[in-house]
Amino acid sequence: MSNWIPLWLHKLGSPPTFYRFAGALQPWAMTLALLLGAIALYGGLVLAPADYQQGDAYRIIFIHVPSAEMSMFIYAAMGVAAFIALVWRIKLAEVVAMESAPIGAAFTFITLVTGSLWGKPMWGTWWTWDARLTSELVLLFLYLGVIGLYHAFEDRRQGARAAAFLAIIGIINVPIVHFSVNWWNTLHQGSTINVFGQSKMSWDMLWPLLTMMLATKFYYAASLFRRARTDLLAMEGGKDWVRKIAADEAKP
Amino acid sequence: MSAPQTFFTMGGYAAYVWPAYAVFFIVLIADTVAPRLRRRRVLRELRARLVRQQARQDRAGSNSIPTPPSP
C-alpha cells in the first residue's frame, strides 16, 4: 500500500501537530462523554428496574463495572504506549503513557471505593482479601508506582523510560485481574457481560451499562488529550510554538 | 411510595448508592480540573521566564560599554 499512513503518523507524532490535533478533538470527546454519561445515568438510575435479589443497591454497577473496565483498558493502553516509547524513543508515546497513568489510577480508585460501598450491604464487609479485590488493589499500586517512578528522576525523559519499563512489567497483572473470578474461588461475582454470548442481564439494565462503558472511553480520550497537551507545553517550553501559545494566551 | 421518593431512598440503599456516585463524580472532576490548573501554571511560568530573558537582553543592549565582538 501507499506510504501516506506512516507519513501521517510520523507527522502526528510531532508535538505541535499533536497539540493542535488533540485540541480539536478534545471538546468533541468530552461532549460525547457527558452526553452518553447522562443518558446512561438516566437509564440506570431511573428507567432500569430494581434487581430481584439486590434491590436498588445493584445500581452501583453502572459506575463500578465501567470504571473497572477502564482501569484495565487504560493500563493496556499505557503498556502499549510505554512499549513504543521504549523501543522507538518517541516523545509523544512517553507523554501518552505517563499521562494515562493518573487517569487509570483515578478509575482504579473509583472501582475500589464503589466496590467497597457495594460489598458492605451485599457481602456484609467493606473489604476482603479475595483474588479479584486484591489484584485490583495491586493494579492501583502499579499505577502509583509508575507515577512515582516518573517523578523520581530529575530528567523527565529518563524518568519516563524507567516508568515505562515498570508499566510493561505490570501488564501481567491485567489478565490476572480479568480472569481472577474464573481462576480462583472468589466472593466477587463472575462477569455480567459476555462479549461472545448471552449476557447475564436483562436489556433494561444492560444498555445503560454499555452506554456508560462507551462514555468512559470518550472521557479517557478527552482527559488524555487535555493532559498530553499540557505536558507537551511543559516539555517544549523553550520551543517557538509554545512561546507563541504563551504569548497569545496572555492577551485577554 | 412515589417514584421520586424511591429514587432518592434507593430502596433503603441510599447510604451506599449515592456516596458511590459522589466518589465517581468528585474523582473525575478533580481529574478534569488538575490539568487545566497545571496548564495555566506552566504558561504563567513560561511567560515570566520570557520576560526575564527579554529584560536581560535589553540591559545588555542599553549598556554603553562596548561588548567584545563575539567569535
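**Figure 1. Contacts of A:Phe109.** A:Phe109 touches A:Leu140 and B:Val27, leaving aside residues up to four places away in sequence. Contact here requires C-beta atoms, placed from the backbone, to lie within 7 Å. The model is predicted: local features need pLDDT of at least 70, side-chain atom pairs count only at pLDDT 80 or more, and totals for chains, interfaces and linings use all residues. Residues are numbered from 1 along each chain as its sequence is written, while chains are lettered from A and ligands numbered from 1 in the order in which they are written. A:Phe109 sits in helix 4 (residues 91-123) of chain A. Helices (H or I, at least four residues) and strands (E, at least two) are DSSP runs, numbered from the N terminus. A:Phe109 is partly exposed because 17 other C-beta atoms lie within 10 Å. The cut-offs are 20 or more such atoms for buried, 12 or fewer for exposed, and partly exposed in between, with C-beta atoms placed from the backbone. A:Ala162 is 53 residues from A:Phe109 in sequence and 24 Å away in space, C-alpha to C-alpha.

**Figure 2. The side of chain B that touches chain A.** Here 23 residues of chain B are in contact with 33 residues of chain A. Helix 2 (residues 14-62) of chain B gives the most to this side, with 19 residues. The chain B side divides into 17 nonpolar, 2 polar and 4 charged residues. Nonpolar covers Ala, Val, Leu, Ile, Met, Phe, Trp, Tyr, Cys and Pro; charged covers Asp, Glu, Lys and Arg; the others, Gly among them, are polar. Chain B has 2 helices and 0 strands. Of its 71 residues, 15% count as buried.

**Figure 3. Positive phi at A:Arg89 and B:Met10**. Most residues other than glycine have a negative phi. A:Arg89 has phi near 55°. A:Arg89 lies in the loop between helix 3 (61-88) and helix 4 of chain A. A:Arg89 is exposed because 11 other C-beta atoms lie within 10 Å. B:Met10 has a phi of about 55°. The loop between helix 1 (3-9) and helix 2 of chain B holds B:Met10. B:Met10 counts as partly exposed because it has 19 C-beta neighbours inside 10 Å.

Figure 4. The unreviewed UniProt entry lists "transmembrane region" for several spans of chain A, including residues 70-88 and 205-225. UniProt positions follow the numbering used here, feature names are shortened, and annotations may be inferred rather than shown by experiment. Residues 70-88 are 100% helix and 0% strand, with end C-alpha atoms 26 Å apart. Residues 205-225 are 100% helix and 0% strand, with end C-alpha atoms 31 Å apart.

Terms used. Two residues are in contact if their C-beta atoms, placed from the backbone, lie within 7 Å.
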